[in-house]
Amino acid sequence: MAEWVALCHSADLAEGHLAVPFDVIYSGQTCRAFAVRFQGQVQAYLNRCSHVAMEMDFQPDRFFDANGQWLVCATHGASYHPTTGACASGPCRGNLVKIATLEMDGVVHWHTEHNLLPLTF
């Protein structure tokens, strides 16, 4: 059953700054995901480059280019649009896997799907 899962306080996501990481089960595999704020809106994606399925951050929780306009894979140089996850340039084989978010009452939530579940211990 799909549900909203609390992720962080809204204040934890500064415009074009560090991401908030979280772990998910995607299609049966444990994966890292991340949330960022861009143009005032929260966006979340699997931390997996579409070129080769590896984590994208060049330093922990850093995904934006120097200008804060693109999400960049540190390994392959692929650039993705922060609001859609669409590949803009570089060696991409599609878009980033987007995760639905909701910001309400000062809390950011992400939405589960049939193939996207919270990691439980």
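Visitor: Why is C31 called buried?
Guide: The relative accessibility of C31 is 8%, and buried means a relative accessible area under 20%, exposed over 50% and partly exposed in between, with a 1.4 Å probe and protein chains only, so C31 counts as buried. This is a predicted model, in which local features need pLDDT of at least 70 and side-chain atom pairs count only at pLDDT 80 or more, while totals for chains, interfaces and linings use all residues. Residues are numbered from 1 along each chain as its sequence is written, and side-chain values use heavy atoms, with hydrogens and water left out.

Visitor: How do you know that C87 and C92 form a disulfide?
Guide: Their sulfur atoms are 1.9 Å apart, and a disulfide is a pair of cysteine sulfur atoms within 2.5 Å, so the pair meets the rule. The count by this rule comes to 1 disulfide. The link of C87 and C92 is right-handed, with 75 degrees about the S-S bond.

Visitor: What makes C87 and C92 partly exposed?
Guide: The relative accessibility is 29% for C87 and 22% for C92; these values lie between the cut-offs for buried and exposed, so each of the two cysteines counts as partly exposed.
C8, by contrast, is in no disulfide, since the nearest cysteine sulfur, that of C31, is 19 Å away. C8 has a relative accessible area of 10%, and is therefore buried. C31 is likewise in no disulfide, the nearest cysteine sulfur being that of C49, 14 Å away.

Visitor: How many aromatic pairs are there, and why is the pair of F22 and W110 called tilted?
Guide: The count comes to 4 aromatic pairs. The ring centres of F22 and W110 are 5.4 Å apart and the planes stand at 35 degrees. Rings of Phe, Tyr and Trp (its six-membered ring) pair if their centres lie within 6.5 Å, with planes under 30 degrees apart counted as stacked, over 60 as edge-to-face and the rest as tilted, so F22 and W110 are a tilted pair. F22 belongs to strand β2 (residues 20-26) and W110 to strand β10 (residues 107-111), so the contact ties together parts that are 88 residues apart in sequence; strands here are DSSP runs of E with at least two residues, and helices are runs of H or I with at least four, numbered from the N terminus. F22 and W110 are each buried.

Visitor: What makes the pair of F34 and F63 stacked?
Guide: The rings of F34 and F63 are 3.7 Å apart from centre to centre, with 10 degrees between the planes, and this angle falls in the stacked range. F34 lies in strand β3 (residues 29-38), whereas F63 lies in the loop between β4 (41-46) and β5 (71-72), so parts that are 29 residues apart in sequence are tied together. F34 is buried, with a relative accessible area of 1%, and F63 counts as buried at 2%. F34, Y45 and F63 form one aromatic cluster.

Visitor: How do you know that β3 and β4 pair?
Guide: Two strands pair if DSSP finds at least two bridges between them, and β3 and β4 have 6 bridges, in the antiparallel sense. Y45 in β4 is the bridge partner of F34. The hairpin of β3 and β4 has 2 residues between the strands, and Q39 takes a positive phi near 50 degrees there. β4 also pairs with strand β8 (residues 98-99) in the antiparallel sense, over 2 bridges, and A44 stands opposite I99 in β8.

Visitor: Why is β4 called largely enclosed?
Guide: Of the 6 residues of β4, 5 are buried, so the strand is largely enclosed by the rest of the structure.

Visitor: What makes D23 and R32 a salt bridge?
Guide: Their closest N and O atoms are 2.9 Å apart, and a salt bridge is a side-chain nitrogen of Lys or Arg within 4 Å of a carboxyl oxygen of Asp or Glu, so the pair qualifies. D23 is partly exposed at 30% relative accessibility, and R32 is partly exposed at 30%. The count comes to 2 salt bridges.
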